[in-house]
Amino acid sequence: PEHLSKLLDEIAEYPEVVPESERSAWVPLLERLLTHPQPRRMSIFGSSDLSPAVRRALFAFVDPLEDELVLAERLASGDDGLVSVARAIGPRGNPGHGTVLACLSVDESHRVRGEAAAACVRWILRGGAPTSCQAILERLLASPGRGIVAEVMRAIPHQPDLTAVHWLLEGLTTHPSASVRRRVVGLLTEPEVCRCRG
């Protein structure tokens with residue numbers, strides 16, 4: 001189970017690597033794993049409960065924005081559900097999801113707020129984001145700690161045109177973190193070159 005759990009966590013983090021044609025076949029398998037508990041094992045071998053990892057992978061495959069009932073269920077599913085909603089809004093949200101994103105941005109969970117910040121960046125980059133996205137992002141970046149800015153930096157891809165977030169990058173050139181400043185300068189000068197490590 002621990003190997004399967006790691007694989008499921010990777011799927012949840014990078015669902016785009018699974019071809020669209022295969023996702024429809026995986027969803028019923030994940031649903032079956034979720035509804036049929038695994039046999040108990042001795043505690044020295046670790047937990048055999050795959051439910052959290054299966055739920056995260058399933059959330060990554062099923063778009064919560066296509067159905068209001070699914071969206072409502074996700075919003076009531078704890079941090080994993082809220083994170084999955086934020087991850088969906090970034091690349092696929094419409095103006096009606098601005099309020100949902102605003103609510104996610106004030107959640108008590110740092111992880112949820114980080115995903116909300118990343119969603120703002122992705123939505124701004126693809127265009128059509130409501131003006132509230134920039135205000136939400138600025139407020140989140142003003143909060144203490146490095147977690148939010150780390151999620152924001154992860155959300156900015158290596159691509160030639162980053163004009164939509166130039167204001168954001170300019171504002172981060174004086175960030176206290178040297179690694180953030182280094183990546184920002186790289187994105188401003190050579191945006192297509194990866195400087196994520198080192």
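Me: Why is arginine 56 called partly exposed?

Reply: Arginine 56 has a relative accessible area of 24%. Buried means under 20% relative accessible area, exposed over 50%, and partly exposed in between (1.4 Å probe, protein chains only), so at 24% arginine 56 is partly exposed. A word on the source: this is a predicted model, in which local features need pLDDT of at least 70 and side-chain atom pairs count only at pLDDT 80 or more, while totals for chains, interfaces and linings use all residues. Residues are numbered from 1 along each chain as its sequence is written, and side-chain values use heavy atoms, with hydrogens and water left out.

Me: What makes arginine 56 and aspartate 80 a salt bridge?

Reply: The closest N and O atoms of arginine 56 and aspartate 80 are 3.4 Å apart. A salt bridge is a side-chain nitrogen of Lys or Arg within 4 Å of a carboxyl oxygen of Asp or Glu, so this pair qualifies. The pair links distant parts of the chain, 24 residues apart: arginine 56 is in helix H3 and aspartate 80 in helix H5 (residues 78–92). Helices here are DSSP runs (H or I, at least four residues), numbered from the N terminus.

Me: Is aspartate 80 buried or exposed, and why?

Reply: Aspartate 80 counts as buried, because its relative accessibility is 15%.

Me: What makes aspartate 63 and arginine 92 a salt bridge?

Reply: Their side chains meet at 2.9 Å, N to O. This pair also links distant parts of the chain: aspartate 63 is in the loop between H3 and H4, and arginine 92 is in helix H5, 29 residues apart. Aspartate 63 counts as buried because its relative accessibility is 16%, while arginine 92, with a relative accessible area of 45%, is partly exposed.

Me: Why does proline 64 count as buried?

Reply: Proline 64 has 1% relative accessibility, so it counts as buried. Its place is in the loop between H3 and H4. The C-alpha atoms of proline 64 and arginine 87 are separated by 9.8 Å, and the two residues are 23 apart along the chain.

Me: Which label does glutamate 66 get, and why?

Reply: Glutamate 66 counts as exposed because its relative accessibility is 71%. Glutamate 66 is found in the loop between helix H3 (51–61) and helix H4 (68–75). Glu66, Asp67, Glu68 and Glu73 form a negative surface patch. Patches are made of residues with over 30% relative accessible area and no salt bridge, with like charges joined within 9 Å.

Me: Why is glycine 81 called buried?

Reply: Glycine 81 has 0% relative accessibility, so it counts as buried. Glycine 81 lies in helix H5.

Me: Why does histidine 175 count as buried?

Reply: Its relative accessibility is 17%, so histidine 175 counts as buried. Histidine 175 lies in the loop between helix H10 (166–171) and helix H11 (178–189).

Me: How many disulfides are there?

Reply: A disulfide is a pair of cysteine sulfur atoms within 2.5 Å, and by this rule the count comes to zero. Cysteine 103 is in no disulfide, as the nearest cysteine sulfur, that of cysteine 120, is 12 Å away.

Notes: Patches are made of residues with over 30% relative accessible area and no salt bridge: like charges are joined within 9 Å, nonpolar side chains (Val, Leu, Ile, Met, Phe, Trp, Tyr) within 5 Å. Accessible areas come from the Shrake-Rupley method with a 1.4 Å probe; for residues, only the protein chains shown count as cover. Lys and Arg count as positive and Asp and Glu as negative; His and the chain ends are not counted. The place of a charge is taken as NZ of Lys, CZ of Arg, CG of Asp or CD of Glu. Helices (H or I, at least four residues) and strands (E, at least two) are DSSP runs, numbered from the N terminus.
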